[in-house]
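Subject: Structure for you to look through

Dear colleague,

I am handing over the structure below, together with some notes on what was found in it. Please keep it open beside this email while you read.

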Amino acid sequence: MDIVWSNFFIQLVAFGILYWLLSRYAFGPLFSIMEQRKQFVKEQLESAENSRKQAEAQYEEQKQSLQQARKDAYDIIEQAKQTSTKQADEIVNTAKSEATRLKDEAVKDIESEKNKAISALRSQVSGMSVMIASKIIEKQIDDKSQEQLVDQYLNEVGSK
């Protein structure tokens with residue numbers, strides 16, 4: 001194969017003219033479109049990265065909010081338990097103090113009634129003693145008569 005130098009130069013000049021025409025009219029718009037596409041893809045990647053970061057931030061924020069809500073709910077439950085325990089203790093203490101008060105009042109009432117009964121019994125006994133003494137003085141009696149008199153008096157008192 002022989003190189004034909006005239007054809008070589010013609011092809012070289014034609015290639016140069018074609019390259020110059022392409023660079024003047026075609027490469028500029030073509031490279032511009034490619035640069036725009038490159039910039040568009042870059043922006044899309046940055047946007048996707050920003051969206052991912054925002055999603056992660058929102059996820060963490062929601063996670064923290066959920067943990068805070070759980071903690072608040074737990075605190076409310078604990079506070080309710082403490083309040084209910086405190087109220088139960090207060091109710092029990094109030095009931096105990098009321099029972100003690102009622103018991104003390106009952107003991108005082110019983111003591112008062114006992115004292116009244118003893119007082120009434122003393123007055124009856126003293127009355128009986130005076131009555132027995134007056135009957136004994138009226139009659140000088142022997143043991144048998146005295147026994148009958150006491151039995152009679154006890155029957156009278158028992159019927160009252």
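Q152 belongs to helix α2, which runs over residues 143-159, and helices here are DSSP runs of H or I with at least four residues, strands being runs of E with at least two, numbered from the N terminus. Between Q152 and E90 there are 62 residues in sequence and 62 Å in space, taken from C-alpha to C-alpha.

Before going further, please note that this is a predicted model, in which local features need pLDDT of at least 70 and side-chain atom pairs count only at pLDDT 80 or more, while totals for chains, interfaces and linings use all residues. Residues are numbered from 1 along each chain as its sequence is written, and side-chain values use heavy atoms, with hydrogens and water left out.

Turning to the chain as a whole, its secondary structure comes to two helices and zero strands. The chain is more spread out than a compact globule, because its radius of gyration is 62 Å, well over the 15 Å that the globule rule gives for 160 residues; that radius is taken over C-alpha atoms, and the rule is 2.2 Å times the number of residues to the power 0.38. The C-alpha trace spans about 190 × 30 × 15 Å along its principal axes, and 2% of the 160 residues count as buried.

Two stretches carry annotations from UniProt, whose positions are given in the numbering used here, with shortened feature names, and whose annotations may be inferred rather than shown by experiment. The unreviewed entry lists residues 6-27 as "transmembrane region", and over these residues the chain is 100% helix and 0% strand, with the end C-alpha atoms 29 Å apart. The unreviewed entry also gives "coiled-coil region" for residues 31-116, where the chain is again 100% helix and 0% strand, and where the end C-alpha atoms are 125 Å apart.

Within helix α1 you will find K63, which is partly exposed because its relative accessibility is 38%. K63 and A14 are 49 residues apart in sequence and 69 Å apart in space, C-alpha to C-alpha.

Finally, which residues form one aromatic cluster? They are W5, F8 and F9, where rings of Phe, Tyr and Trp (its six-membered ring) pair if their centres lie within 6.5 Å, and where planes under 30 degrees apart count as stacked, over 60 as edge-to-face and the rest as tilted. By this rule there are five aromatic pairs. One of them is W5 with F9, whose ring centres are 6.3 Å apart and whose planes stand at 35 degrees, so the pair is tilted. Both W5 and F9 lie in helix α1 (residues 5-138), four residues apart, which is about one turn of the helix. The rings of F8 and F9, by contrast, have centres 5.6 Å apart and planes at 70 degrees, so this pair is edge-to-face. As for accessibility, W5 is exposed, with a relative accessible area of 53%, whereas F9 is partly exposed at 47% and F8 is partly exposed at 38%.

Notes: Buried means under 20% relative accessible area, exposed over 50%, partly exposed in between (1.4 Å probe, protein chains only).
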